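Subject: Structure for you to look at

Hello,

Here is the structure I said I would pass on. Please open it next to this email, as the notes below go through it piece by piece.

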Amino acid sequence: MSARTLPLLFLNLGGEMLYILDQRLRAQSIPGEKARKDEWTDVDRKRVMNDIITTMFNKKFMEELFKPQELYSKKALRTVYDRLAHASIMRLNQASMDKLYDLMTMAFKYQVLLCPRPKDILLVTFNHLDAIRDFVRDAPSILNQVDETFRQLIEMYTPLSAGEFQLIRQTLLIFFQDMHIRVSIFLKDKVQNCNGRFVLPISGPVPWGTEIPGLIRMFNHNGDEVKRTKFTTDGNYVIPQREGSFDLYGDRVLKLGTNMYSVSRPVETHMAGSSKSLASHAKENIAPNPLAKEEMNFLARLIGGLEMKEAGGNETGFRLNLFTTDEEEEHAALTRPEELSYKVINIEATQESARQEELARILGELEVAEPRAGSTAKGEDLLALMDGL
């Protein structure tokens, strides 16, 4: 596995999370002068996006993230995104957080599968960061944070060889290999089958620097071409006009990683046989993890750079529903197996070592408190998974 995969995984999943939250916040926003105290406004949306992006690109957090390290389990990374999603006044209950994470992971998995060449994963990352830049274009200090991460990516990844990018791609595919969650957008576009597996195209642009398939060249022992043979292919291939830019600003050419929710489309997931899918998730979560202590030590260091935004004064958090209706969200929460839940963790520790020991100790005891069904008030569904850290 590649020790340089984690930053790309985190930033791309984070980009997808911001796309989804922005779309849902816009859909639920009410004009400021008409909004009640418990309703979203565009000012609230901008505040949430700015707070999450500020936390996501925190300098200490990025320094820890960019250290060469192996990928850890889905559970450890999921904990980071739970924490990140609640870094502002927005609150998601457990069912909506599950759905958000499913959408994030399946979108990036599809992008990795479609990359014409392994190095293009970096262009996908740049597309996500370009969009994040646009979210905070009116906040210079946050924009500087994003640009600094951009420079770190350029410095670390552009010198890598094609073989090193291939190893990164394989590491990502191993991470995603057992995830087959059906997503409505992909189903409607016929790029995903009813079993949750993606349909990969056999036509389209070939990787930059390669030729269209259909010609076999034969050479002698001196390296001279002695014969050519042509063959027909089932695909309709084209040569890309130019390579995407790997600079701080530029035309990425590749469209993978851009915001697919910018057009008004429903953001929803369909579970392919709910009990079957949930059972597979449960199986993964209850399986013993041989890297338990190392994984939670990593998580403790990573979370150390994240600071939660506390609501000031009498201000309460705003509840965001990733489902079409509250009833759908409640049903998803009620049908969720206990194995998929996390107990609220409160840790009183001032020293890093004590925090790491406690995290390692409780790894096998993680269970979730069930969300309160029928809760509709803003802030009622605070996901307190990492409260106290």
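Predicted model: local features only at pLDDT ≥ 70, side-chain atom pairs only at ≥ 80, totals over all residues.

H4 and H5 cross in a right-handed sense. Helix H4 covers residues 74–85, and its axis lies 11 Å from that of H5. The packing angle between the two is about 115°. On the H4 side, the contact is made by Lys74, Leu77, Arg78, Tyr81, Asp82 and Ala85. H5 brings Gln94, Met97, Asp98, Tyr101 and Met104. By class, the contact of H4 with H5 holds six nonpolar residues, one polar and four charged.

H5 also packs against H1. Helix H1 runs over residues 6–28 and helix H5 over residues 94–114. Their axes are 9 Å apart, at an angle of about 120°. H1 and H5 are therefore oblique to each other. The crossing of H1 past H5 is right-handed. From H1, the contact takes in Leu8, Leu9, Asn12, Leu13, Glu16, Met17, Ile20 and Leu21. From H5 come Leu100, Leu103, Met104, Thr105, Ala107, Phe108 and Gln111. Eleven residues in the contact of H1 with H5 are nonpolar, three are polar and one is charged.

Next, H1 with H8. The two axes come within 11 Å and cross at roughly 60°. That angle makes H1 oblique to H8. This crossing, too, is right-handed. Leu8, Leu9 and Leu13 of H1 meet Ile168, Leu172, Phe175 and Phe176 of H8. The contact of H1 with H8 consists of seven nonpolar residues, with no polar and no charged ones.

Where is Met56? Met56 sits in helix H2, which spans residues 42–56. Is Met56 buried or exposed? Its relative accessible area is 0%, so Met56 is buried. Setting aside neighbours within four places in sequence, Met56 is in contact with Phe10, Leu11, Gly14, Gly15, Leu18, Phe61, Met62, Leu84 and Ile132. Val146 is 90 residues from Met56 along the chain, yet their C-alpha atoms are separated by 9.1 Å.

Leu173 belongs to helix H8, residues 162–176. Leu173 has a relative accessibility of 18% and counts as buried, because the cut-off is under 20%. Not counting residues up to four places away in sequence, Leu173 touches Val112 and Leu113.

What is the phi of Lys190? Phi of Lys190 is near 60°, a positive value in a residue other than glycine. Lys190 lies in the loop between helix H9 (184–188) and strand S3 (204–205). With a relative accessible area of 69%, Lys190 is exposed.

Val253 is not a glycine either, and its phi is positive at about 65°. The loop that holds Val253 runs between strand S6 (237–238) and strand S7 (269–270). Val253 has a relative accessible area of 29%, so Val253 is partly exposed.

Last, the chain as a whole. The protein chain has 13 helices and eight strands. It has 389 residues, of which 49% count as buried. The accessible surface of the chain is about 19,100 Å². Carbon and sulfur atoms account for 51% of that surface.

If you want a place to start, display H1 with H5 and H8. H1 packs with H5 at about 120° and crosses H8 at roughly 60°. Then bring in H4, whose axis is 11 Å from that of H5.

Best wishes

Conventions:
Residues numbered from 1 in each chain as written. Heavy atoms only, no water. Helix = DSSP H or I, 4+ residues; strand = E, 2+ residues; numbered from the N terminus. Buried < 20%, exposed > 50% of the residue type's maximum accessible area, 1.4 Å probe, protein only. Areas by Shrake-Rupley, 256 points an atom, 1.4 Å probe, with all protein chains shown as cover. Axes fitted to C-alpha atoms, helices over the stretch in contact; angles between N-to-C directions. Parallel < 35°, antiparallel > 145°, perpendicular 65-115°, else oblique. Left-handed = near helix turned anticlockwise from the far one by under 90°. Contact = heavy atoms within 4.5 Å. Nonpolar A, V, L, I, M, F, W, Y, C, P; charged D, E, K, R; others polar.
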